[in-house]
Amino acid sequence: MGEWKTALSIRVRRSLKDDLQKIADREYRKLGNLGGLLMEWSYEQLVAAGSTEKLLKYKMTVPNRSGHDSRKSASNPALERIVETQRD
């Protein structure tokens, strides 16, 4: 039957909203759908890091422009740092 969803209202810079809308349009999504997806992902990252301070301490590397997506690599140092924070 699926989980019930609820509304979440946040305030962001206008330029951020415009950029997110462009991404949503490019991926044939609604802005709310993209926002929900990002919230779920960021929640998982925050839980893994343990605190916003630890989460924001490390920045994700920019993926290279080749066909290989470095974010999916198990040896990505940025992802390893997030996982390591779980042990702290």
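This is a predicted model: local features need pLDDT of at least 70, side-chain atom pairs count only at pLDDT 80 or more; totals for chains, interfaces and linings use all residues.
Figure 1. On a 1 Å grid over the protein atoms alone, a pocket is an open set of points where a 1.4 Å probe fits, with protein on both sides within 12 Å along at least five of seven lines. Its volume is the space filled by probe spheres set on the points, which are joined across faces, edges and corners. Residues are numbered from 1 along each chain, and side-chain values use heavy atoms, without hydrogens and water. The largest pocket has a volume of about 840 Å³. Of its 23 lining residues (an atom within 4 Å of a point), L8, I10, G35, G36 and M39 are the closest to the centre. Helix α2 (31-49) gives the most to this lining, 11 residues.

**Figure 2. Helix α1.** Helices are DSSP runs (H or I, at least four residues), numbered from the N terminus. Helix α1 covers residues 14-26 and reaches 18 Å from its first C-alpha to its last.

Figure 3. A salt bridge is a side-chain nitrogen of Lys or Arg within 4 Å of a carboxyl oxygen of Asp or Glu. D18 pairs with R14, closest N and O atoms 3.5 Å apart. About one helical turn separates D18 and R14, because they are 4 residues apart in α1.

**Figure 4. A second salt bridge.** R29 and E27 meet at 3.4 Å, N to O.

Notes. Helices (H or I, at least four residues) and strands (E, at least two) are DSSP runs, numbered from the N terminus. The expected span of a helix is 1.5 Å times one less than its number of residues.
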